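This report walks through one protein chain, from its packing to a few single residues. Please keep the sequence and the model side by side while reading.

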Amino acid sequence: MTALRRLLFFVVGLFLALPLIVVAGVSINQRQTLAFPPQGFSLSWYGQIFTNPEWRNALVASLTLAATSALLALLIALPLAWFLWRRLAPWANIFQLLGVAPFTLPPVITALGLLTFWATTGFYGQSWTAVISHGIFFITLPLVTLSLGFSAIDRSLVEAAATMGADDRTIFRTIVLPLILPYIVSGYAFAFVLSLNEYIVAYMTIGFTMETLPIKIFNALRYGYTPTMASVTVLFLVIAAVIFGLVARFGDLPKLLGALSEDK
């Protein structure tokens, strides 16, 4: 029975890994074609990401957008999670629902709403609108992880500090912040990775005025297929694996993912 179970897990794992194997094989193809098995071996397509100005600019745009929008989402989620943890009134849940609403809706609905808003205000196509849009769209991720972190804090520590005369600012800086720091980093990491790979909201917000890597891939499809697209995909996977690996190393990744899936 154990052998059969292991065989089943192996087959399922292989089935799930096959697309990744094919993409990785295409990315090292020596010829400019999306053939698999690869015809020859070459890492030049990975070099194209950094040496070709168009792909390099798209990479810088994606990293900049992901870093700034994840920071914005975290800056909004942190005081909101702190407020929800300190205020136990039933009406406070309304703010939590507002915080998770953008991510629970289908992305195309959120993207159309943001497109309408920015077009109405006259700011459509500005690069900073993509930062705000992604920050709002991904606020759920740090909000959920921070809420999980706050719920793990022993309230008696806060009560003891308040009894000793510490104000809210001192309590937050000396007690709360060190305890929730892993959850802050995790929330930022989740928002960063998803923003890096997001296409619909970014495209609806900035169109062709700024090309992120996902937008660049779709635009490049109009002129044919190149293994550079596959190498970008592998790069995305490596970045995500490294970031989630660090979260798993210094935090409780299964618990965080479980909280996100329950919220979703």
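## V232 and the nonpolar cores

Leaving aside its neighbours within four places in sequence, V232 is in contact with I49, W55, L213 and I217. The model in which these contacts are found is a predicted one. Apart from the core to which V232 belongs, there lies another core of 22 residues, which includes L84, L143, L148 and V176.

The largest nonpolar core has 30 residues, and those with the most contacts inside it are W55, F192, L213 and V232. At least two residues of this core are supplied by each of α3 (53-86), α5 (107-121), α9, α10, α11 (213-220) and α12 (227-250), and among these helices α12 gives the most, with seven residues.

## Overall make-up of the chain

The protein chain has 13 helices and zero strands, so that its pattern, read along the sequence, is α-α-α-α-α-α-α-α-α-α-α-α-α. Of the 264 residues in the protein chain, 40% are buried. Among the contacts in the protein chain with a separation of 6 or more, 71% are between residues 24 or more positions apart.

## The largest pocket

The largest pocket holds about 250 Å³ of space. It is lined by 17 residues, of which E54, W55, K216, A220 and T226 are the closest to its centre; W55 is also one of the residues with the most contacts inside the largest nonpolar core. The elements that give two or more residues to the lining are α2 (44-51), α3, α11 and α12, and the largest share, three residues, comes from α11.

Sorted by class, the lining of the largest pocket has six nonpolar, seven polar and four charged residues.

## E198, a buried charged residue

E198 is found in the loop between α9 (168-197) and α10 (200-206). Is this residue buried or exposed? With a relative accessible area of 10%, E198 falls under the 20% limit and therefore counts as buried.

The side chain of E198 reaches the backbone nitrogen of A202 at 3.0 Å. When residues up to four places away in sequence are not counted, E198 touches H134, F137, F138 and P214.

## I206 in helix α10

I206 lies in helix α10, and because its relative accessible area is 0%, this residue is counted as buried. Which residues does I206 touch, not counting those up to four places away in sequence? They are Y124, G125, Q126, S127, T129, A130 and I215.

I206 and W128 are 78 residues apart in sequence, while their C-alpha atoms are 8.9 Å apart in space.

## T174 in helix α9

T174 is found in helix α9, and because its relative accessibility is 44%, between the limits of 20% and 50%, this residue counts as partly exposed. A polar atom of the side chain of T174 lies 2.6 Å from the backbone oxygen of T170.

Terms used: Residues are numbered from 1 along each chain as its sequence is written. This is a predicted model: local features need pLDDT of at least 70, side-chain atom pairs count only at pLDDT 80 or more; totals for chains, interfaces and linings use all residues. Side-chain values use heavy atoms; hydrogens and water are left out. Helices (H or I, at least four residues) and strands (E, at least two) are DSSP runs, numbered from the N terminus. Buried means under 20% relative accessible area, exposed over 50%, partly exposed in between (1.4 Å probe, protein chains only). A polar contact is a pair of N or O atoms within 3.5 Å; within protein, one must be able to donate a hydrogen and the other to accept it, and residues adjacent in sequence count only if both atoms are side-chain atoms. Contact means heavy atoms within 4.5 Å. A nonpolar core is a set of buried Ala, Val, Leu, Ile, Met, Phe, Trp, Tyr and Cys residues joined through side-chain atoms within 4.5 Å. On a 1 Å grid over the protein atoms alone, a cavity is a set of points where a 1.4 Å probe fits but cannot get out, and a pocket is an open set with protein on both sides within 12 Å along at least five of seven lines; lining residues have an atom within 4 Å of a point. Grid points are joined across faces, edges and corners, and a volume is the space filled by probe spheres set on the points. Ala, Val, Leu, Ile, Met, Phe, Trp, Tyr, Cys and Pro count as nonpolar, Asp, Glu, Lys and Arg as charged, and the others, Gly among them, as polar.
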